[in-house]
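Reader: I have a chain open on my screen. Can you walk me through it?

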Amino acid sequence: MATRQRDRMPLVDIDLNIPVTNIANDCGYGKQHSSTIQLPNLNIAIEENFNPNCEVSDLLPPNHLLLDLKNQPYREDHISEDHTFEEEVLDTSEEINFSAGSNIEHSQASNGHHSRKLNTLSYEKRKSIYEFLLQKSVDGRLGKKITTLAASEFSVSICTIQRIWKRAKNGGNISNGKAKNCGRKRVQIDLERLRQLPLHKRKTLRNLAAAMNASKTTLFRLRKSGVIRRHSNAIKPFLKEENKRCRLQFCISMLEGNSIPHDPIFKGMYNTIHVDQKWFYMSKRIENYYLLHDEDDPIRTCKCKNFIGKVMFLVAVARPRFDEQGNELFSGKIGVFPFVTQELARRNSVNRVAGTLETKPITSVTRDVTRSYFIEKLLPAIKEKWPRDDIGSTIFIQQDNARSHINCNDLNFVKLRHKAVLIFG
């Protein structure tokens, strides 16, 4: 029986019910490959004296190759490491083996085979491989499957193991042969030149890169490594010698007199009340709310969103006090007082009728307004909330340098202050 030889084709399913010539024509590979495969001709004529219990080999002519469709093993060395199974190129000098289901047995190679990634082994790992081979060698020779065992042990290829052993036998140098300073060189920056640049050219990385004639990424790497740093500079007030002397005297006045000069200790400041004023807008342009899915969106309106009303608050706080067990004796919260007035509406409108009492903010907080709030609101709050253990002691009210704050020698406040102290005492 004559055999057919066709061109080598990729991994395809073959229907044994159609002629072999139609397989190549259907796949489009019949004229592109010069190599051939050997397929048996299954169209065997049955003779009259045919014995159905005979072997298949008895039906074939002498010296004919019988292709075993069940027990033929799959050889992994047919596959190149440089290709994946989506675009597989087979060596034309080898045979193609088919499985019983008319498919190539490539289950091992189809499980996540990727392109090979080149890794440079360190000198320590190369030395460990050489010491492993040296222990397994006998009289300077490696036995069978020693290289395979070493490749499996260190997760490298057999060629790498053989190359390391060959280099060690020839010259003893098992390093990778690459220079220490190989690769792209870092861009060198003259740091002294950066030190000499004026500050107005060092505000941003873009300005600094233009002045240094370097890229922004290079400066960003220097910043990340800590060579250069980003600094937020705040302007400081210019102090004269008299200002410095006054500040130093104030700091010394806050020290306990009996602790100077050996062991200076700051005062507890339990009898000091800190007073400050702050503007707050009555609303914001954009507010966030959490609503249910069936709730309507709230509507907020004002005459002009660029001129939202604001109100000023006067806040007075002191140092809180605690007992030995940590229980709070005095919270230190004296009070928060808004600068508002109560006025009667002059005329009717859509919002209210005439004569309705309205709360309006004081838009101009002057020194007279601050004095009246100190006398009418702050002193009574101190008298009400101050701890009874300090009755008769001196209380200091600390202000900042705002122009609307009253002077410590204000006559009207001094008169009412003595009256409040007498009532408090």
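Reader: How many helices and strands does the protein chain have?
Author: The protein chain has 10 helices and 10 strands. These are DSSP runs numbered from the N terminus: helices are H or I with at least four residues, strands are E with at least two.

Reader: What should I know about the model itself?
Author: This is a predicted model, where local features need pLDDT of at least 70 and side-chain atom pairs count only at pLDDT 80 or more, while totals for chains, interfaces and linings use all residues. Residues are numbered from 1 along each chain as its sequence is written, and side-chain values use heavy atoms, with hydrogens and water left out.

Reader: What share of the protein chain is buried?
Author: Buried residues make up 22% of the 425 residues. Buried means under 20% relative accessible area, exposed means over 50%, and partly exposed is in between (1.4 Å probe, protein chains only).

Reader: And what share of contacts joins residues at least 24 apart?
Author: That share is 58%, among contacts between residues at least 6 apart in sequence. Contact means heavy atoms within 4.5 Å.

Reader: Let's do cores. How many residues are in the largest nonpolar core?
Author: It has 23 residues. A nonpolar core is a set of buried Ala, Val, Leu, Ile, Met, Phe, Trp, Tyr and Cys residues joined through side-chain atoms within 4.5 Å. Ile 273, Ile 334, Phe 339 and Leu 378 have the most contacts inside this core.

Reader: Which elements each supply at least two residues of this core?
Author: Strands β3 (272-281), β4 (310-318) and β7 (333-338) do, and so does helix α9 (367-385). The most comes from α9, with 8 residues.

Reader: What does Phe 339 touch?
Author: Leaving out residues up to four places away in sequence, Phe 339 touches several residues, including Gln 277, Phe 313, Pro 361 and Tyr 373.

Reader: Which residues does the second core include?
Author: Phe 132, Ala 150, Ala 151 and Trp 165 are among them. This separate core has 14 residues.

Reader: Back to α9. Is Thr 370 buried or exposed?
Author: Thr 370 sits in helix α9. It counts as buried because its relative accessible area is 0%.

Reader: Which side chain does Thr 370 join in a polar contact?
Author: The side chain of Gln 277, at 3.5 Å. A polar contact is a pair of N or O atoms within 3.5 Å; within protein, one must be able to donate a hydrogen and the other to accept it, and residues adjacent in sequence count only if both atoms are side-chain atoms. Beyond four places in sequence, Thr 370 also contacts Val 365, Ser 404, His 405 and Ile 406.

Reader: New topic. At what angle do α2 and α3 cross?
Author: The axes of α2 (residues 123-136) and α3 (residues 146-154) cross at roughly 145° and come within 11 Å. Axes are lines fitted to C-alpha atoms, for helices over the stretch in contact, and angles run from 0 to 180 degrees between N-to-C directions.

Reader: Which residues meet there?
Author: Lys 125, Ser 128, Ile 129, Phe 132, Leu 133 and Lys 136 in α2 meet Ile 146, Leu 149, Ala 150 and Phe 154 in α3.

Reader: What sits in the loop between α2 and α3?
Author: Ser 137 is in that loop. Its relative accessibility is 16%, so Ser 137 counts as buried. The Ser 137 side chain reaches the backbone oxygen of Leu 134 at 2.8 Å. Not counting residues up to four places away in sequence, Ser 137 touches Leu 142 and Trp 165.

Reader: What about phi? What is the value for Ser 155?
Author: Phi of Ser 155 is near 60°, positive in a residue other than glycine. Most residues other than glycine have a negative phi. Ser 155 lies in the loop between α3 and α4 (158-170), and is exposed because its relative accessible area is 64%.

Reader: And where is Met 269?
Author: Met 269 is in the loop between α8 (241-253) and β3. Met 269 also has a positive phi, about 60°, although it is not a glycine. At 32% relative accessibility, Met 269 counts as partly exposed.

Reader: Last one. How far apart are the C-alpha atoms of Thr 272 and Arg 319?
Author: They are separated by 7.5 Å, though the residues are 47 apart along the chain. Thr 272 is found in strand β3, and it is buried, with a relative accessible area of 8%.
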